[in-house]
Amino acid sequence: QSGQLKIGPFQAVGQLVYQARSTGDFMSDLFTRQETRPITLTAEGMNINVQELPQKDKPLGFNGAVGQYEFNASLSPNLVKVGDPLTLKMSLKGEGKIKDIELPQIQDKGFKTYDPQIKEDDVSKSIEQVVIPTNADIKELPALNFSYFDPSSQSYKTITQGPFPISVAPTTKSEEFKAYGFIDKS
């Protein structure tokens, strides 16, 4: 969100842990005691001015990522038959709000996609997604673009991975899925 924003005020209530004073007794001081005292920390609120991201040179696929990132992607295997699963792996590392960032999605109608498995922490996000080619005419999985705004250079950057070449063979009649009936177990 851009514009004038107010942060705070802030208050934290807790216990201050400190080392007790020396008693002068060697044995007592050898096993130093710790004491606690209640403490309340406060800070006044402050106003900040958040600037909008520039519209000039903003990439089409930009989804709000701000920071500095590394983006990688891979696809395997690269030799399959129609209907066989491929595994698309994407990883994002860097400085920024990684948990809020969406990684590129496959928009090609020649592939059936499934919900990805996502693993993330404060500095990285990784995704594994099953992708299935739907016909033998497919020669590649299109390139994936990740765009972000780099505040240190005050510019948009785009990292491209792919396209990923694949060879998709047609299935034979004996390999086609055939359902012969349905048994109702309800």
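These exercises work through strands, a core, loops and ring pairs in one predicted model.

Residues are numbered from 1 along each chain as its sequence is written. Because the model is predicted, local features need pLDDT of at least 70 and side-chain atom pairs count only at pLDDT 80 or more, while totals for chains, interfaces and linings use all residues; side-chain values use heavy atoms, with hydrogens and water left out.

**Exercise 1. Strand partners**

Task: Find which strands pair with E10, and how many bridges join each to E10.

Solution: 
- Step 1. Strands are DSSP runs of E with at least two residues, numbered from the N terminus. Two strands pair if DSSP finds at least two bridges between them.
- Step 2. Take strand E7, residues 86-96. It is joined to strand E10, residues 124-133, by 8 bridges, and the two run antiparallel. Across this pair, Leu-92 stands opposite Lys-125.
- Step 3. Take strand E8, residues 111-113. It runs antiparallel to E10, with 3 bridges. Here Phe-111 faces Pro-133 as its opposite residue in E10.
- Step 4. Take strand E9, residues 117-120. E9 and E10 are antiparallel and share 4 bridges. Gln-117 has Glu-128 as its bridge partner in E10.
- Step 5. Look at the link. E9 and E10 make a hairpin, with 3 residues between them.

**Exercise 2. The nonpolar core**

Task: State how many residues the largest nonpolar core has, and which elements give two or more residues to it.

Solution: 
- Step 1. Define the core. It is a set of buried Ala, Val, Leu, Ile, Met, Phe, Trp, Tyr and Cys residues joined through side-chain atoms within 4.5 Å.
- Step 2. Read the count. The largest one has 26 residues. Those with the most contacts inside it are Tyr-69, Phe-71, Leu-88, Met-90, Leu-141, Leu-144 and Phe-146.
- Step 3. Name the elements. Strand E5 (67-76), E7, E10 and strand E12 (144-150) each give two or more residues to this core.
- Step 4. Zoom in on Met-90. Beyond four places in sequence, Met-90 touches several residues, including Phe-71, Leu-103, Ile-127 and Leu-144.
- Step 5. In soluble globular proteins, nonpolar side chains tend to be buried together.

**Exercise 3. Backbone in the loops**

Solution: 
- Step 1. Check Pro-9. The bond from Gly-8 to Pro-9 is cis, with omega near 5°. Pro-9 lies in the loop between strand E1 (3-7) and strand E2 (10-19).
- Step 2. Check Pro-163. Gly-162 and Pro-163 are joined by a cis peptide bond, with omega about 10°. Pro-163 is in the loop between strand E13 (155-161) and strand E14 (164-165).
- Step 3. Check Asp-57. Its phi is positive, near 65°, and the residue is not a glycine. Asp-57 is in the loop between strand E4 (46-50) and E5. Its relative accessibility is 62%, so Asp-57 counts as exposed.

**Exercise 4. Ring pairs**

Solution: 
- Step 1. Set the cut-offs. Rings of Phe, Tyr and Trp (its six-membered ring) pair if their centres lie within 6.5 Å; planes under 30 degrees apart count as stacked, over 60 as edge-to-face and the rest as tilted.
- Step 2. Count. The whole structure holds 6 aromatic pairs.
- Step 3. Phe-62 is in the loop between E4 and E5, and Tyr-156 is in strand E13, 94 residues apart. Both Phe-62 and Tyr-156 are buried.
- Step 4. Tyr-69, Phe-71, Phe-146 and Tyr-148 form one aromatic cluster.

Definitions and conventions: Buried means under 20% relative accessible area, exposed over 50%, partly exposed in between (1.4 Å probe, protein chains only). Contact means heavy atoms within 4.5 Å.
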